[in-house]
Amino acid sequence: MAVSVVLPSLGRLFEMPATLVHELQRHLLSDSTSDLHLKTFDPSLEQIAKADKFFTATAGNRIEYLSSAVRLDHAPDLPRPEVCFIGRSNVGKSSLIKALFSLAPEVEVRISKKPGHTKKMNFFKVGKYFTLVDMPGYGYRAPEDFVDMVEPYLKERKNLMRTFLLVDSVVGIQKADSIAIEMCEELALPYVMVLTKIDKSSMGHLLKQVLQIQKFVNTSTQGCFPQLFPVSAVTYSGIHLLRCFIANITGHLKT
């Protein structure tokens with residue numbers, strides 16, 4: 001099967017070291033049997049700057065925690081577009097959300113050193129534009145009623161625009177991730193794969209993981225957006241691009 005690769009303007013979009021960018025390009029382009037379809041989300045610097053403004057707290061753009069819920073019928077009834085973040089316990093989900101909200105430092109996103117800290121669906125209002133939802137982690141120390149809590153939300157939430165499925169770039173796709181991917185595929189959800197903790201690996205290991213996960217997305221998924229989003233909540237690599245993508249899919253940024 002042809003391998004579709006999504007790596008345009010890598011130095012800017014991935015915000016990775018130039019040497020890693022060159023290595024990715026060399027490995028991808030060296031495979032003469034691959035059909036490289038470079039269809040990607042490739043915003044301009046102006047669009048990235050505009051998206052950052054949506055995430056910047058001002059008097060006229062309030063960014064705040066709204067409420068938590070353990071069931072869909074307990075969730076706030078909000079008309080604005082919504083995105084949710086889901087991932088294995090200890091994948092760095094809350095840390096990533098805190099990094100996305102770094103331009104609104106007063107927003108409280110609880111981060112714990114112990115896996116499985118998030119036990120409820122936590123709703124954050126991003127101005128008048130959209131809502132961001134931090135879902136409980138699956139796998140180790142997941143809530144006992146995780147499926148009853150999460151599946152109805154994913155299946156029935158009418159204003160859910162995209163699900164962001166986080167994968168630890170250090171260890172790659174695990175069994176629990178595969179189950180979550182299967183759930184997204186069975187529910188026909190449009191979802192995006194975000195690779196976390198890219199600052200934790202050597203360049204060679206990260207390169208290997210990116211290539212393996214990209215191949216999996218190309219050959220084994222239907223509903224997953226073809227472009228991977230590697231990020232670091234420590235160095236903020238990839239955060240600006242992810243903000244821009246969220247602004248775009250919620251209808252507030254035309255690219």
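User: Which residues of H7 are buried?

Analyst: First, the ground rules: this is a predicted model, where local features need pLDDT of at least 70, side-chain atom pairs count only at pLDDT 80 or more, and totals for chains, interfaces and linings use all residues. Residues are numbered from 1 along each chain as its sequence is written, and side-chain values use heavy atoms, with hydrogens and water left out. Buried means under 20% relative accessible area, exposed over 50%, partly exposed in between (1.4 Å probe, protein chains only). In H7, the buried residues are Leu206, Leu207, Gln209, Val210, Ile213, Gln214, Val217 and Asn218.

User: Within what arc do the buried residues of H7 fall, seen down the axis?

Analyst: The arc is taken over the directions from the helix axis to the C-beta atoms. The buried residues line one face of H7, because they fall within an arc of 165°.

User: How far apart are the end C-alpha atoms of H7?

Analyst: The expected span is 1.5 Å times one less than the number of residues. H7 covers residues 203-220, 18 residues, so it should span 26 Å. The model agrees, with the end C-alpha atoms at a separation of 25 Å.

User: How many helices and strands does the chain have?

Analyst: Both are DSSP runs, numbered from the N terminus: helices are H or I with at least four residues, strands are E with at least two. The count is eight helices and seven strands.

User: What share of the contacts in the chain with a separation of 6 or more comes from residues 24 or more positions apart?

Analyst: Contact means heavy atoms within 4.5 Å. Among contacts with a separation of 6 or more, residues 24 or more positions apart account for 76%.

User: Is leucine 195 buried or exposed?

Analyst: Leucine 195 sits in strand E6, residues 191-196. Leaving out residues up to four places away in sequence, leucine 195 touches Val167, Ser169, Val210, Ile213, Leu228, Phe229, Pro230 and Val231. Its relative accessible area is 0%, so leucine 195 is buried.

User: What distance separates the C-alpha atoms of leucine 195 and serine 169?

Analyst: These two residues are 26 residues apart along the chain. Their C-alpha atoms are separated by 5.2 Å.

User: Which residues lie on each side of E4?

Analyst: Strand E4 spans residues 130-134, and five of its five residues are buried. In a regular strand, side chains alternate between the two faces of the sheet. Both faces of E4 are covered: Thr131 and Val133 are on one side, and on the other are Phe130, Leu132 and Asp134.

User: Which residue stands opposite valine 133 in E4?

Analyst: Strands pair if DSSP finds at least two bridges between them. E2 (residues 82-87) runs parallel to E4, with four bridges joining them. The residue opposite valine 133 is cysteine 84.

User: What is the phi of glycine 127 in the turn?

Analyst: E3 (residues 121-126) runs antiparallel to E4 and is joined to E4 by five bridges. Valine 126 stands opposite phenylalanine 130. E3 and E4 form a hairpin with three residues between them, and the phi of glycine 127 there is positive, about 55°.

User: Which residues are in contact with threonine 131, leaving aside its neighbours within four places in sequence?

Analyst: Threonine 131 lies in E4. Its relative accessibility is 0%, so threonine 131 counts as buried. Its contacts are Leu78, Arg80, Pro81, Glu82, Val83, Phe123 and Phe124.

User: How many aromatic pairs does the count give?

Analyst: Rings of Phe, Tyr and Trp (its six-membered ring) pair if their centres lie within 6.5 Å; planes under 30 degrees apart count as stacked, over 60 as edge-to-face and the rest as tilted. By this rule the count is 12 aromatic pairs.

User: What is the class of the pair of phenylalanine 55 and phenylalanine 101?

Analyst: Phenylalanine 55 lies in the loop between H3 and E1, phenylalanine 101 in the loop between H4 and E3, 46 residues apart. Their ring centres are 6.4 Å apart and the planes are at 40°, so the pair is tilted.

User: What is the class of the pair of phenylalanine 123 and tyrosine 153?

Analyst: Both residues, phenylalanine 123 and tyrosine 153, are buried. Their ring centres are 6.5 Å apart and the planes are at 75°, so the pair is edge-to-face.
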